[in-house]
Amino acid sequence: AKRLYERFNIAAGAASAKDAAIDGETSPDELTITPESLSQTGNLPLETAQHLLRDYGADYRRLIELTREDERLRGRLVEGLPQILAEVVYAVRYEMALTLADAMTRRTRLAIVAGKETLNCATIVADAMSRELGWSGEQTERQIAQFTAEFEREFTVWACASLGNHE
């Protein structure tokens, strides 16, 4: 602080990062919305509202904005799970997801939590990513094929092993 004053004639006061939120992080005073009210105002199932608040923190707002831009993005990816299509668009726009496998395994974690059901939504997710990334039909099909192969290689073996079925 002394050098700052000597060099630039700027007086620096005490600073604290205690209450500063990092992007996506929520300060206690900032997040006053409840899952119930987000469910109503965002026109989302309660489980999805809870999921968005828990997993995205203050960035839940970006996801809600996406659902307002395109109603299709409210759709659940797997029946019975809270993940919605807006999360895929969010992953592309804000997290640099560039492949279907990245979106399905690391961003939404569907490959882990939904098992084989993930394969049923691969086309819908790939189509959403295609619109965002400008993939051709051939690129989209290639992404689906690559993800399916990766899923079969990485997750089918794991699922069998965890069930005690060592084929």
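Of the 167 residues of the protein chain, 38% count as buried, where buried means under 20% relative accessible area, exposed over 50% and partly exposed in between, with a 1.4 Å probe and protein chains only. The model is predicted, with local features requiring pLDDT of at least 70 and side-chain atom pairs counted only at pLDDT 80 or more, while totals for chains, interfaces and linings use all residues. Residues are numbered from 1 along each chain as its sequence is written, and side-chain values use heavy atoms, with hydrogens and water left out.

The protein chain contains 10 helices and zero strands; helices (H or I, at least four residues) and strands (E, at least two) are DSSP runs numbered from the N terminus. Its accessible surface comes to about 10,400 Å², and carbon and sulfur atoms hold 51% of that area, as computed by the Shrake-Rupley method with a 1.4 Å probe, where for residues only the protein chains shown count as cover. Among contacts with a separation of 6 or more, 54% join residues 24 or more positions apart, a contact being heavy atoms within 4.5 Å.

Helix 5 is largely enclosed by the rest of the structure, because seven of its 10 residues are buried. These are A86, E87, V88, V89, Y90, A91 and V92. The buried residues of helix 5 pack against helix 3, helix 4 (60-69), helix 6 and helix 9 (122-133). Just after helix 5, M96 adopts a positive phi of about 60 degrees.

The largest pocket holds about 200 Å³ of space. On a 1 Å grid over the protein atoms alone, a cavity is a set of points where a 1.4 Å probe fits but cannot get out, whereas a pocket is an open set with protein on both sides within 12 Å along at least five of seven lines; lining residues have an atom within 4 Å of a point. Grid points are joined across faces, edges and corners, and the volume is the space filled by probe spheres set on the points. The lining consists of H51, R54, D55, Y56, Q83, E87, E95, R106, R107, T108, R109 and V113. Two or more of these residues come from each of helix 3 (46-56), helix 5 (86-95) and helix 6 (100-107). Helix 3 gives the largest share, four residues.

Q143 lies in helix 10 (residues 137-162) and counts as buried because its relative accessibility is 14%.
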